[in-house]
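Please open the model in a viewer and keep the sequence at hand. The stops below are given in the order in which they may be selected.

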Amino acid sequence: QVHMVESGGGLVQAGGSLRLTCAASDNIYSIEAMGWYRQAPGKQRELVAIVTSGGRTNYGDSMRGRFTISRDNAKNTVYLEMNSLKPEDTALYSCATTLDLGRGVQQRYWGRGTRVTVSS
């Protein structure tokens, strides 16, 4: 089991910036990846950004170039810098932590989410 504390959401005007933080609890398994997904009302959940323990990153298409994900492995913490925010970025942003349970098995855990609202 992994517990995550998410912070940094809020209300911002279009063109503004926000920084999201997700801190995962210690556990006996290694963390393979941490990242963020988002879900807007009436839409499916989509990838925002993810970073592996080795530092590889992947971004959703509409976030690339505006968002930057980084990770502090020692603190089990991931940061998401969001710039040039648009009203369509409004969503519930949820942190996801993937544990490596060994023998090729991975398990993903979800945080409760932090809401981001971008006004026009």
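The model is predicted: local features require pLDDT of at least 70 and side-chain atom pairs count only at pLDDT 80 or more, while totals for chains, interfaces and linings use all residues. Numbering starts from 1 along each chain as its sequence is written, and side-chain values use heavy atoms, with hydrogens and water left out.

**Stop 1: the β5 strand**

Select residues 46–52, which form strand β5; strands are DSSP runs of E with at least two residues, numbered from the N terminus. Of the 7 residues in β5, 5 are buried, where buried means under 20% relative accessible area, exposed over 50% and partly exposed in between, with a 1.4 Å probe and protein chains only.

Then display residues 57–59, strand β6, which is joined to β5 by 3 bridges and runs antiparallel to it. Here A49 stands opposite Y59. In the hairpin of β5 and β6, with 4 residues between the strands, G55 has a positive phi near 95 degrees.

**Stop 2: the aromatic pair**

How many aromatic pairs does the structure hold? There is 1, under the criterion that ring centres of Phe, Tyr and Trp (its six-membered ring) lie within 6.5 Å, with planes under 30 degrees apart counted as stacked, over 60 as edge-to-face and the rest as tilted. Select Y37 and W110: their arrangement is edge-to-face, at 5.1 Å centre to centre with 70 degrees between the planes. Y37 lies in strand β4 (residues 30–39) and W110 in strand β10 (residues 105–110), 73 residues apart. Y37 is buried at 13% relative accessible area, whereas W110 is partly exposed at 32%.

**Stop 3: D89**

Finally, select D89 in the loop between β8 (77–82) and β9 (91–102). D89 is buried, with a relative accessible area of 1%. Leaving aside neighbours within four places in sequence, its contacts (heavy atoms within 4.5 Å) include R38, R66 and V116. The side chains of D89 and R66 are joined by a polar contact of 2.8 Å; the term denotes a pair of N or O atoms within 3.5 Å, where within protein one must be able to donate a hydrogen and the other to accept it, and residues adjacent in sequence count only if both atoms are side-chain atoms.

Terms used:
Two strands pair if DSSP finds at least two bridges between them.
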